[in-house]
Amino acid sequence: MAVNRTARNPLRRKLQANQPTTGVWITLESPSITEAAIMMGTDWICVDMEHGHLDLKEVMEHVRTVRGSDTAVLVRVPSIEQGIVKRVLDLGAHGVVLPLVRSREDLEAGMSYGRYPTEGVRGIGGERSVKWGMGMQDYLKDANEETLIIPLIETKDAVDDIEQILQVPGLEAIFFGPADLSASYGYLGDWEGPGIAEIILNVRAAAAKLGIASGLMSMNAEDAKLRQEQGFNMVGLGSDIGLMIRSMESAMRAVGREPKPHLWF
């Protein structure tokens, strides 16, 4: 019996075809959230380990739920460290999102952690990604090419070094963090402080010229539509808890109740 290609990345196929994609940010532990997102037809989910309380066991349940679907699973790791990048990829994630990338050197380090030798330093293990060893050769054949290593552009330092960051070999997508980017420019608490929207659009355009996709989270449905029109290839519709809050806001107003305000997505 033929073995299915274990490292194929459905999101990468869509980005290469310049298709617009939508995703959901996962912050809660229940894999039922990911299951529902897949049923709704989302192109990708991103499981967040940088903030909140999710551990590797909970991440694995989200990753496992994606198997056999056309949805890719990314994991935002808590830091640019070899150990955590290796482990989430061993669980079967299609890629990692690297937080607080400040320079080309930061991205090169993250890239090396997600690549097997001789392109990187990722160790070979017999975990989920290789079907517990039963799909080892098949996975190793494609993993370096198929695994997405996506830097978060969320600091002034990254913007200042963006020309060098975009030149890193193997880079296929970047993702913006507007709130942290705003904070690094002195606008703590703003989603997009003065001038930040323009900075993001300028970086997106520079990436597009090199064939590099760009993504970011949207604040609501209208913002998601705008972001697609602006050329962002990966548009996050919201976080799991944020989407629930938005739905509750609408329902509460429908019955004459004014909900408490909340920030962003």
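Buried means under 20% relative accessible area, exposed over 50% and partly exposed in between, using a 1.4 Å probe and protein chains only. With that noted, I started at helix 12 (residues 240–254), where the buried residues are Asp240, Gly242, Arg246 and Glu249. Helices here are DSSP runs of H or I with at least four residues, strands are runs of E with at least two, and both are numbered from the N terminus.

Ground rules first. I am reading a predicted model, where local features need pLDDT of at least 70 and side-chain atom pairs count only at pLDDT 80 or more, while totals for chains, interfaces and linings use all residues. Residues are numbered from 1 along each chain as its sequence is written, and side-chain values use heavy atoms, with hydrogens and water left out.

**Helix 12**

I looked up what covers the buried residues of helix 12, and the list includes strand 1, helix 2, helix 11 and strand 8. Contact, here and below, means heavy atoms within 4.5 Å. Then I checked the length. The expected span of a helix is 1.5 Å times one less than its number of residues. The 15 residues of helix 12 should therefore span 21 Å, and the end C-alpha atoms are 22 Å apart, which agrees. Just after helix 12, I found glycine 256 with a positive phi of about 85 degrees.

Is proline 20 buried or exposed? Proline 20 counts as exposed because its relative accessibility is 52%. I placed proline 20 in the loop between helix 1 (10–16) and strand 1 (21–26). Leaving out residues up to four places away in sequence, proline 20 touches Asp43, Gln228 and Asn233.

Aspartate 43 is buried, at a relative accessible area of 13%. What does the side chain of aspartate 43 reach at 2.9 Å? I found the backbone nitrogen of threonine 22 there. Beyond residues up to four places away in sequence, aspartate 43 touches several others, including Lys14, Thr21, Asp70 and Ala72.

**Aromatic pairs**

I searched the whole structure and got 4 aromatic pairs. Rings of Phe, Tyr and Trp (its six-membered ring) pair if their centres lie within 6.5 Å; planes under 30 degrees apart are stacked, over 60 edge-to-face and the rest tilted. Tryptophan 25 and phenylalanine 175 have ring centres 5.5 Å apart and planes at 40 degrees, so I logged the pair as tilted. That pair links distant parts of the chain, with tryptophan 25 in strand 1 and phenylalanine 175 in strand 6 (residues 173–176), 150 residues apart. Tryptophan 25 is buried at 3%, and phenylalanine 175 is buried at 2%.

Phenylalanine 176 and phenylalanine 232 make an edge-to-face pair, 6.1 Å centre to centre with 85 degrees between the planes. Phenylalanine 176 is in strand 6 and phenylalanine 232 in the loop between helix 11 (221–229) and strand 8 (234–239), so this pair ties together parts 56 residues apart in sequence. Both of these phenylalanines are buried. I also noted a cluster in which ring pairs link Trp25, Trp44 and Phe175.

**Glycine 177**

My last stop was glycine 177, in the loop between strand 6 and helix 9 (178–184). Glycine 177 counts as buried at 11% relative accessibility. Apart from neighbours within four places in sequence, glycine 177 is in contact with Leu152, Ile153 and Glu154.

Notes
Polar contact = N/O pair within 3.5 Å; in protein donor to acceptor, adjacent residues only side chain to side chain.
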